[in-house]
Amino acid sequence: MTARQQNPYRPGFNQPPLVFAGRADVLDGAAEALDIAAYDGRTPRPLILLGPRGVGKTVTLGEIATLAAERHGWPTVHVEAKVLGPFLEDLEAGLVGAGRLLAGADLDQRKSRLRVTGGKVEAKAFGVGGELQFDAERPDGAAPTLGGTLAETMQIAAGRSSGLVLTVDELQNAEPGDISLFFGVVQEHVPHGWPLVIALAALPTLRESRGRRRLPTYLERAEWHDLDTLPPNEAREALVGPAQQAGRPMTPGAANVLLDHAGGYPYAIQVAGHFAWRASHASRAIGVDHARAAVPKIEADLANLFRSRWDDASPREQEYLRAMAAVAGRGELPRGGLVAAELGEPVTSVSYLRARLLRKGTIYREAGGGLHFITPGMGAWIRALDQGD
């Protein structure tokens, strides 16, 4: 009986890939921000990661948390903003938990990783983990303020010669008033030089908030990073690296077949590798035949992703998406005017459809006005759908 080899590909949500490729600029920016906070006595400007679904924003936030733990032994407070969710309350709870954790942590254990997630503190040191639940109440029962809680936590951190990383995912879901309130507090305390590093992730629709002044000035001046599909060399690295490390290398021909279907889309790369690994069970390498056998499963997996967004659109919204896909299929960048012309209607008659799809997060608009599907590959899927494939 052949010994089982663990599949090294991780297509699930927030599953760190075995080979983390293509985000060196972001990690360099995070490393610099950590050094500024740790050594220069300044609070660095935040990092904002923008990108469609499945390009690795959440995983990159996790890599920043790991970087902070490995280089400085700092904990991370992580909050995921939810639509109509308690964003400020989650921040409050996370900060309270981080303060308590810092007050009692042995910060000399530099290999430890301390992470606070939505009021839940996870502390792992040398493979030993524990979990504690915190709420946002102070021991004396006094009603806390968000600014006061942040100040207390940072004072504890500074007193321990430590610092704090705050990561927020899905920021586009938070209420503009909540965003303004919290980051107004942070901006107010920048002169204090807190050892605080903030990294935020959101869909590209967050850019729409900049021109409308829905984002505080503090965030407008952040370090913005656009995360998109990987360039060919980094996509190949992300695909073949895990197989090589797991002892079942992938041939160049097999990689070519899989990249033809995955492109540089990080999620699709993990899906492609996952099914190719499965198809190559009991083999010493992943060859072209294994890759070809995996293609139907790869296409079916990605089709489920596209289908959920398609089914969420109304019939009229689907017409708009079809028109976008048709324009893109001709090699043109879809814009409001081109899509309206494809539909044979004035721009003013269909602009509400574009607005709806932007709000839903099905599409996003770049700074120059170009429209893109939030999930790479969806345009080709729509064209194939209309052809009956």
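Student: Before we start, what counts as a salt bridge here?
Tutor: A salt bridge is a side-chain nitrogen of Lys or Arg within 4 Å of a carboxyl oxygen of Asp or Glu. Please keep in mind as we go on that this is a predicted model.

Student: Okay, so how many salt bridges does a search of the whole structure find?
Tutor: The search finds ten salt bridges. Among them is the one between Asp35 and Arg71, whose closest N and O atoms are 3.1 Å apart.

Student: Where in the chain do Asp35 and Arg71 lie?
Tutor: Asp35 belongs to helix H1, which covers residues 24-39, and Arg71 belongs to helix H2, which covers residues 57-72, and with 36 residues separating them the pair links distant parts of the chain. Asp35 counts as partly exposed because its relative accessibility is 23%, and Arg71, at 41%, also counts as partly exposed.

Student: Which partner does Asp40 have?
Tutor: The side chain of Asp40 meets that of Arg42 in a salt bridge, with 3.9 Å from N to O. Asp40 has a relative accessible area of 46% and is therefore partly exposed, while Arg42 is partly exposed with 45%.

Student: And what about Arg307 and Asp311, how far apart are they in the helix?
Tutor: They are four residues apart in helix H11, which means that about one helical turn separates them.

Student: Which residues are linked in a network of salt bridges?
Tutor: Arg316, Glu319 and Glu345 are linked in such a network.

Student: Switching to rings now, how many aromatic pairs are there?
Tutor: The structure holds four aromatic pairs. One of them joins Tyr265 and Tyr267 in a tilted arrangement, with 6.2 Å from centre to centre and 55° between the planes.

Student: Is Tyr265 buried or exposed?
Tutor: Tyr265 counts as buried because its relative accessibility is 4%, whereas Tyr267 is partly exposed, with a relative accessible area of 22%.

Student: What does Phe306 pair with?
Tutor: Phe306 forms a tilted aromatic pair with Trp381, at 5.9 Å centre to centre and with 50° between the planes. This pair links distant parts of the chain, since Phe306 sits in helix H11 (residues 288-311) and Trp381 in helix H15 (residues 378-386), 75 residues apart. Phe306 counts as buried at 6% relative accessibility, and Trp381 counts as buried at 14%.

Student: Which residues make up the cluster there?
Tutor: Ring pairs link Phe306, Trp310 and Trp381 into a cluster.

Student: What lies over the face of Trp277?
Tutor: Arg248 does, at 3.8 Å from the ring centre. Both Arg248 and Trp277 are also among the residues in contact with Ala243, leaving aside the neighbours of Ala243 within four places in sequence.

Student: So where does Ala243 lie?
Tutor: Ala243 lies in helix H8, residues 232-245, and counts as buried because its relative accessibility is 0%. Ala243 and Gly273 are 30 residues apart in sequence, while their C-alpha atoms are 8.0 Å apart in space.

Student: Last topic, the strands: how does S2 pair with S6?
Tutor: Strand S2, residues 76-80, has four of its five residues buried and is thus mostly covered. S2 pairs with strand S6, residues 164-169, in the parallel sense over five bridges, and the bridge partner of Glu80 in S6 is Asp169.

How values were computed: Residues are numbered from 1 along each chain as its sequence is written. This is a predicted model: local features need pLDDT of at least 70, side-chain atom pairs count only at pLDDT 80 or more; totals for chains, interfaces and linings use all residues. Side-chain values use heavy atoms; hydrogens and water are left out. Helices (H or I, at least four residues) and strands (E, at least two) are DSSP runs, numbered from the N terminus. Buried means under 20% relative accessible area, exposed over 50%, partly exposed in between (1.4 Å probe, protein chains only). Contact means heavy atoms within 4.5 Å. Two strands pair if DSSP finds at least two bridges between them. Rings of Phe, Tyr and Trp (its six-membered ring) pair if their centres lie within 6.5 Å; planes under 30 degrees apart count as stacked, over 60 as edge-to-face and the rest as tilted. A charge sits over a ring if NZ of Lys or CZ of Arg is within 6 Å of the ring centre and within 35 degrees of the ring normal.
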